[in-house]
Amino acid sequence: MNWDQVKGRWGEMKGMARQKWGDLTDDELDKIEGNREELVGTLQRKYGIGKEEAEKQADEFANSMEGARS
């Protein structure tokens, strides 16, 4: 799933993001709004990981949502 699709479906995907990254707050998830760069930056700050690892996790999350249509 590309990031335009993620952004368009962010409302329904926030719960899945919360399950994957349990330390993210509702405010952080609202601020991210499906924006890849915002998610990557938040993951770096919150989990103390490098940019490459945060990008990998974000892209794996987006790709895992491909078949998750309701």
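Aspartate 30 is partly exposed, with a relative accessible area of 35% (buried denotes under 20%, exposed over 50% and partly exposed the range in between, for a 1.4 Å probe and protein chains only). The model is predicted, so that local features require pLDDT of at least 70 and side-chain atom pairs pLDDT 80 or more, whereas totals for chains, interfaces and linings use all residues. Residues are numbered from 1 along each chain as its sequence is written, and side-chain values use heavy atoms, without hydrogens and water. The mean pLDDT of the chain is 93, and 94% of its residues reach 70 or more (pLDDT is the predictor's confidence in each residue, from 0 to 100).

The structure holds seven salt bridges (a side-chain nitrogen of Lys or Arg within 4 Å of a carboxyl oxygen of Asp or Glu). In one of them, the side chain of aspartate 30 meets that of lysine 14, at 2.5 Å from N to O. Because lysine 14 belongs to helix 2 and aspartate 30 to helix 3, this pair ties together parts that are 16 residues apart in sequence (helices are DSSP runs of H or I of at least four residues, numbered from the N terminus). Lysine 46 and glutamate 28 form another salt bridge, at 3.3 Å from N to O; the pair links helix 4 to helix 3 across 18 residues. Both are partly exposed, lysine 46 at 33% relative accessibility and glutamate 28 at 23%. Arg36, Glu55 and Asp59 are linked in a network of salt bridges.

Helix 4 contains threonine 42 (the helix comprises residues 36-47). Threonine 42 is buried, with a relative accessible area of 5%. A polar atom of its side chain lies 2.8 Å from the backbone oxygen of glutamate 38. Beyond neighbours within four places in sequence, threonine 42 is in contact with Leu24, Glu28 and Ile32 (contact means heavy atoms within 4.5 Å). The buried residues of helix 4, as a set, pack against helix 1 (3-8), helix 3 (26-32) and helix 5 (51-64). At the N-terminal end, helix 4 is capped by asparagine 35, of which a side-chain oxygen lies 3.0 Å from the backbone nitrogen of glutamate 37. Glycine 48, which follows helix 4, has a positive phi near 65°.

The largest nonpolar core has 18 residues, of which Val6, Trp10, Met13, Trp21, Leu24, Leu39 and Phe61 touch the most other members (such a core is a set of buried Ala, Val, Leu, Ile, Met, Phe, Trp, Tyr and Cys residues joined through side-chain atoms within 4.5 Å). Helix 5 supplies the largest share of this core, four residues.

Methods
Helix = DSSP H or I, 4+ residues; strand = E, 2+ residues; numbered from the N terminus. Polar contact = N/O pair within 3.5 Å; in protein donor to acceptor, adjacent residues only side chain to side chain.
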